[in-house]
Amino acid sequence: MAALAPLPPLPPQFKSIQHHLRTAQEHDKRDPVVAYYCRLYAMQTGMKIDSKTPECRKFLSKLMDQLETLKKQLGDNEAVTQEIVGCAHLENYALKMFLYADNEDRAARFHKNMIKSFYTASLLIDVITVFGELTDENVRHRKYARWKATYIHNCLKNGETPQAGPVGIEDDNDVEENEDVGATSLPTQPPQPSSSTYDPSNMSSSNYTGIQIPPGAHAPANTPAEVPHSTGVTSNTIQPTPQTIPAIDPALFNTVSQGDICLTPEDFARAQKYCKYAGSALQYEDVSTAVQNLQKALKLLTTGRE
């Protein structure tokens, strides 16, 4: 990838998108598709904030130039040319970061990688809005990830031991900007666990926009190695969790589409979506997710049912 022309100083009005732009820079070599959509989100958001002030217009113009350059460089990439593939790519990446951080949190392994992964996952869920409204699952993951990142960061900075795993989080916890974690800040002390405790593992893994995610998913390649400011905690070396490959239903090998099966255009679209999700999962060597989505596509095409 050719180097992008640098952007002018960020106008104060655009403070809310500074971390999305930083995430874009971090992914220019790691995952250009993610970098492209982070900039697209920043562009769309910046246009809504202020597109008339001279300094804002200049900044947005340079950002637009970066987007055009990236679009040309990624012209043959389906994740950029086809929305359904791009959305699947971004959701897969964000959810893998979330699950990696969540697994580390549940095991009480608190370090800079997991803090940054929680927060980056929340930023990438912001970015998914370029494709439309977020699902309820996305909204819950974003709020929990952003809250967890700030809570754990603040605990470590204050010499306290964070509470591992899911903890109570109330709906009225408003977020505010916190430069220390490069995140929006939620209360330092978490609410006491209650009946409203949010537990990501209680959510159906098959209900995340059609992507089946196995428990214990390992960290994506090149998981961020640092938070914007040091917490004084040494990062641990993370060993990937071995993948469990799902059993393939033998009946699928012998299933032949019956003559009376009438597939609708919506069925074909859903089957195509499952195949795209499988392809996106394979980019991260996530065999389990790929197999499960391919099974769903095959079942739909051969039986007319999901």
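## Model and confidence

The mean pLDDT of this predicted protein model is 76, and 67% of the residues reach 70 or more; pLDDT is the predictor's confidence in each residue, on a scale from 0 to 100. Because the model is predicted, local features need pLDDT of at least 70 and side-chain atom pairs count only at pLDDT 80 or more, while totals for chains, interfaces and linings use all residues. Residues are numbered from 1 along each chain as its sequence is written, and side-chain values use heavy atoms, with hydrogens and water left out.

Over residues 170-177, the model has 25 contacts beyond four places in sequence, a contact being heavy atoms within 4.5 Å. Over residues 182-241, where pLDDT also stays under 50, there are 164 such contacts.

## Overall composition

The protein contains ten helices and two strands. These elements are DSSP runs numbered from the N terminus, with helices taken as H or I of at least four residues and strands as E of at least two. Their order from the N terminus is α-α-α-α-α-α-α-β-β-α-α-α.

Of the 306 residues, 49% are buried. Buried means under 20% relative accessible area, exposed means over 50%, and partly exposed lies in between, with a 1.4 Å probe and protein chains only. The accessible surface is about 14900 Å², and carbon and sulfur atoms hold 51% of that area; the areas come from the Shrake-Rupley method with a 1.4 Å probe, and for residues only the protein chains shown count as cover. Among contacts with a separation of 6 or more, 75% are between residues 24 or more positions apart.

## Cysteines

The whole structure has zero disulfides, where a disulfide is a pair of cysteine sulfur atoms within 2.5 Å. C87 counts as buried because its relative accessibility is 16%. C155 is also buried, with a relative accessible area of 1%.

## Helix packing

Helix α2 (residues 32-49) packs on helix α5 (residues 83-106) at an angle of about 100°, and the axes are 10 Å apart. The two helices are therefore roughly perpendicular. Axes are lines fitted to C-alpha atoms, for helices over the stretch in contact, and angles run from 0 to 180 degrees between N-to-C directions. Angles under 35 degrees count as roughly parallel, over 145 as roughly antiparallel, 65 to 115 as roughly perpendicular and the rest as oblique. The α2 residues V33, V34 and Y37 meet G86, H89, L90 and Y93 of α5.

Helix α1 (residues 18-26) and α6 pack at about 105°, with 10 Å between their axes. This angle makes α1 roughly perpendicular to α6. From α1 the contact involves H19, H20, T23 and E26, and from α6 it involves K116, Y119, T120, L123, L124, D126 and V127.

A108 lies in the loop between α5 and α6 (112-127). Phi of A108 is near 60°, a positive value in a residue other than glycine. Most residues other than glycine have a negative phi. A108 is partly exposed, at 43% relative accessible area.

V130 sits in the loop between α6 and α7 and counts as buried, at 15% relative accessibility. Beyond its neighbours within four places in sequence, V130 contacts Y37, L40, Y41 and Q44. Q13 belongs to the segment before α1 and is partly exposed, at 29% relative accessibility. Leaving aside neighbours within four places in sequence, Q13 contacts I49, D50, T53, E55 and C56; its C-alpha atom is 9.8 Å from that of E55, 42 residues away along the chain.

Y151 is in helix α7 and is buried, with a relative accessible area of 4%. Its C-alpha atom is separated by 7.6 Å from that of P162, eleven residues away along the chain.

T161 lies in the loop between α7 (136-157) and β1 (176-178). T161 counts as exposed, at 70% relative accessibility. The C-alpha atoms of T161 and F110 are separated by 9.1 Å, and the two residues are 51 apart along the chain.
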